[in-house]
Amino acid sequence: MDAESFVTSLDTDTPPKDISVYLLALWYDAKEDWDQSHTTIQDVDTKNAAWIHAYLHRKEGDTFNADYWYRRAGKKRPDVTIKEEWNNLVTAMMD
């Protein structure tokens, strides 16, 4: 699946089959289901999961918690919009 197909899948009611846990969390986030997105990613112990977790808390407005997760991901809070960060995450999780 490429990024364009992933974005197109947002027009459906169910996530694509066989996508990574990272993309699944981002899919739920894009469908405005923050809770399901957070539940999907919160117990995954990788730098990519920490990055998504950071993004979710940044989106929520919890900067302190977001910065903790960005540090766990080895990243700094980006100076881009939430939408741009979501796009960056999708692209990164495709690799």
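Tyr68 counts as partly exposed because its relative accessibility is 35%, where partly exposed is the range between buried (under 20% relative accessible area) and exposed (over 50%), using a 1.4 Å probe and protein chains only. This is a predicted model, in which local features need pLDDT of at least 70 and side-chain atom pairs count only at pLDDT 80 or more, while totals for chains, interfaces and linings use all residues. Residues are numbered from 1 along each chain as its sequence is written, and side-chain values use heavy atoms, leaving out hydrogens and water.

**Aromatic pairs**

- There are 3 aromatic pairs, meaning rings of Phe, Tyr and Trp (its six-membered ring) with centres within 6.5 Å; planes under 30 degrees apart are stacked, over 60 edge-to-face and the rest tilted.
- One of them is Tyr68 with Trp69, edge-to-face at 5.1 Å centre to centre and 85° between the planes.
- Trp69 is buried, its relative accessible area being 13%.
- Trp27 and Tyr28 also pair edge-to-face, because their planes stand at 85° with ring centres 5.3 Å apart.
- Both Trp27 and Tyr28 are buried.

**A charge over a ring**

- Lys75 lies over the face of Trp51, 4.3 Å from the ring centre; the rule asks for NZ of Lys or CZ of Arg within 6 Å of the centre and within 35 degrees of the ring normal.

**Around Glu60**

- Glu60 belongs to helix α4, residues 47–60 (helices are DSSP runs of H or I, at least four residues, numbered from the N terminus).
- With 43% relative accessibility, Glu60 is partly exposed.
- Glu60 and Val90 are 30 residues apart in sequence and 18 Å apart in space, C-alpha to C-alpha.

Notes: Helix = DSSP H or I, 4+ residues; strand = E, 2+ residues; numbered from the N terminus.
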